[in-house]
There are 2 protein chains.
Amino acid sequence: MGTRDVILDAAAEVMAEQGLANVTTRQIAKAAGLTEAALYKHFASKADLMVAVMRERSPGFSPLAEALRGGGDLVGSLTAVARAAIDLYRAGFPMFASVFADPATLAAHKEELRQEGAGPHKANEALAAYLRAEQEAGRVRAGADVRAAAGLLLGACFQYAFLGHMSRAGFADDEEAAASFVRTLLETLTPTPPPCHEPSA
Amino acid sequence: MGTRDVILDAAAEVMAEQGLANVTTRQIAKAAGLTEAALYKHFASKADLMVAVMRERSPGFSPLAEALRGGGDLVGSLTAVARAAIDLYRAGFPMFASVFADPATLAAHKEELRQEGAGPHKANEALAAYLRAEQEAGRVRAGADVRAAAGLLLGACFQYAFLGHMSRAGFADDEEAAASFVRTLLETLTPTPPPCHEPSA
């Protein structure tokens, strides 16, 4: 493992223990077994290091992307997406929320996302694209707003993960939450039955 | 204005400018025109003061509660709720996210919420109760899961507010976001037309 990775591992560990508000480069250097000077050979500033930790040591979107490629039916795929999203958002929330406590780290993080065209909205775009493909295949109602539907499902999972950290999330467990969000959303999204004639009186 | 309020105003201002990670009680005392000793007469610790700022200087749920009491029709009321939720979550996000950067403040905040039975889940409970009343009045489909529906709508608004801070929120503006979330959700929630007989072949 290179020095850069040693520093990132140490920084991720100190961040998780102390919170971003209390992390010092001195502590990180100590945890990595290096001097602060050695640390600054790899990262220009504390904000720069924190941003690298977020990019390289936080849960990625790959489990969610995998759920979308799963090839199952609509209910199964969306439930797998919701489960993956809950896990991802729960694991990532403390780290991503923490950036709001430090304007320099937040600005550096946003600038990097902007340059790379990356960001948390990518998950919503991927789910909307999946739903659009299902719509073209006739498995999602023709008039359904797939972008809003993606916002409803991933938003519900995002807030559920946040509520679980803070107070009460209101569901028995993750399975129940994921299943009930998908079921409630799907009643909108699945094609309506063909209209039938009025029975002759 | 009492000394306590002077301190809370100063703390809220310094928090917004510097970020929770960089706030010191020395800066807050200076902004309030007091000594640090005077500050500690009113608050036991920095975490204690930060928690009081969050409780007493952050946007409250009253605009959302007011939208629920508005007495309009289902579409109008839910759209007003979504607009109020977007404003509330957008204004509150930086402050509430910041607590995750400091384990001591997070623990104190959670303990206070627990003791008071308060927390962000209260908005979801209020919306679910509203939808349950509409269900009893026959304006929401009998089988609809009102708790999941509340999670979908408020979750969408919560994530939309977060995405707007971070990267791209994916909608033209708040009006469009609120209206499309409600419309997409309502197609589930409104009562289905009564079943009709199969036409005789």
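Modeller: In residues 1–61 of chain A the end C-alpha atoms lie 24 Å apart, and the span is 70% helix and 0% strand. Helices here are DSSP runs of H or I with at least four residues, strands are E runs of at least two, and both are numbered from the N terminus. UniProt, in an unreviewed entry, annotates residues 1–61 of chain A as "domain: HTH tetR-type"; such annotations follow the numbering used here, have shortened feature names and may be inferred rather than shown by experiment. The model is predicted, so local features need pLDDT of at least 70 and side-chain atom pairs count only at pLDDT 80 or more, while totals for chains, interfaces and linings use all residues. Residues are numbered from 1 along each chain as its sequence is written, chains are lettered from A and ligands numbered from 1 in the order written, and side-chain values use heavy atoms, without hydrogens and water.

The unreviewed UniProt entry also places a "DNA-binding region" at residues 24–43 of chain A. That span is 75% helix and 0% strand, with its end C-alpha atoms 14 Å apart.

Now the contact itself. Contact (heavy atoms within 4.5 Å) joins 57 residues of chain A to 57 residues of chain B. The two chains bury about 4800 Å² between them, 64% of it from carbon and sulfur atoms; this is the accessible area, with a 1.4 Å probe, lost on putting the two parts together and summed over both. On the chain A side, Phe100(A), Leu152(A) and Met166(A) lose the most area to chain B, together 15% of what that side buries.

There are 8 salt bridges between chain A and chain B, each a side-chain nitrogen of Lys or Arg within 4 Å of a carboxyl oxygen of Asp or Glu. One salt bridge pairs Arg168(A) with Glu125(B), and the closest N and O atoms are 2.9 Å apart. Helices 1, 6, 7, 8, 9 and 10 of chain A each supply at least two residues of the side that touches chain B. Helix 9 of chain A gives the largest share of that side, 15 residues.

Finally, the two copies. Chain A can be laid on chain B by a turn of 180 degrees and a shift of 0.0 Å along the axis, with an RMSD of 0.0 Å; the superposition is by least squares on C-alpha atoms of residues with pLDDT of at least 70 in both. This is the relation of a two-fold axis. The same surface serves both copies, as 100% of the contact residues of chain A recur in chain B.
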